[in-house]
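Q: Could you take me through one part of this model up close? I'd like to go slowly, side chain by side chain.

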Amino acid sequence: MKQELTQSELNERIAIVRRFKSLLEAQRNKFREYLTVLEKQQCTIEAEDGDALAAHTELSSQIVANITNLQKVIVPMQALYESGATPPAQGSDGSADSADQSGVTQIQTELADLQRRVLLQNEHNQMLLQAHLRQLRTQIAVFDLKNPYRGKRSVYAEKTSAGSMFAVEA
C-alpha cells in the first residue's frame, strides 16, 4: 500500500527529524562535557585536592541538570520522530529526510556509547572516593586525634580560692 505524502507533510517530517537531530547533538555534546569533567574529577580525587573536587562536583551537577532538561524535550520529540519515521512514498524526493534519519541513528549510537562511558567513569570515581574515605578514617583512627581541651574546664569556670577576712585598721 503506497502512501502519498504532500509536500507540507514531507517538510514537516524533515523539520521534525532535523530538530530531533539537533537535540540529540546537543545532548551528545553535554555527555562529552560531563565525561571530561568526570575524567578531571578522577585526577583531583587521586591528587586529594578537596577544593577542586568540590568545584568538579558542582560542575557535574549543573551538567546533569542540563542533560535532564534536554531529555525532557527529547522524549516528546522522539515520539514525534518515531510516529513520522515511515519512509516517504516512492514518488517523493526524500533524500534530505533519509540523510537526516541516518544521521539521527548514528548520533543515537554515539550517545548510547557516551552514556555507557559516563556510567563507567562515574562508578570508577565513586570507588576512588570510597577508598579515599576509608583511608582517611583509618588515619584518624591510627592517630587517635583527640581534642586537647577535652575534659578541661573553662578558664572562666575555674574557682579561685575563697576570700578571707582582712582586718583594716586606720
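Which residue forms a salt bridge with Glu110, with the closest N and O atoms 2.6 Å apart?

A: That would be Arg28. Keep in mind that we're looking at a predicted model. As for accessibility, Arg28 counts as buried at 13% because the cut-off for buried is under 20%. Glu110, with a relative accessible area of 25%, is partly exposed.

Glu110 has another partner, too: Arg32, with the closest N and O atoms 3.5 Å apart. This pair also links distant parts of the chain, Glu110 in helix 3 and Arg32 in helix 1, 78 residues apart. Arg32 is partly exposed, at 39% relative accessibility. Put together, Arg28, Arg32 and Glu110 make up a network of salt bridges.

The count for salt bridges comes to 4, and one of them pairs Lys30 with Glu33, at 3.5 Å from N to O. Here both residues belong to helix 1, 3 residues apart, or about one turn of the helix. Lys30 is partly exposed at 23%, and so is Glu33 at 34%.

Searching the whole structure turns up 1 aromatic pair. The ring centres of Phe20 and Tyr81 are 4.9 Å apart and the planes are at 25°, so this pair is stacked. Phe20 is buried, with a relative accessible area of 0%, and Tyr81 is buried at 11%.

Definitions and conventions: Residues are numbered from 1 along each chain as its sequence is written. This is a predicted model: local features need pLDDT of at least 70, side-chain atom pairs count only at pLDDT 80 or more; totals for chains, interfaces and linings use all residues. Side-chain values use heavy atoms; hydrogens and water are left out. Rings of Phe, Tyr and Trp (its six-membered ring) pair if their centres lie within 6.5 Å; planes under 30 degrees apart count as stacked, over 60 as edge-to-face and the rest as tilted. Buried means under 20% relative accessible area, exposed over 50%, partly exposed in between (1.4 Å probe, protein chains only). A salt bridge is a side-chain nitrogen of Lys or Arg within 4 Å of a carboxyl oxygen of Asp or Glu. Helices (H or I, at least four residues) and strands (E, at least two) are DSSP runs, numbered from the N terminus.
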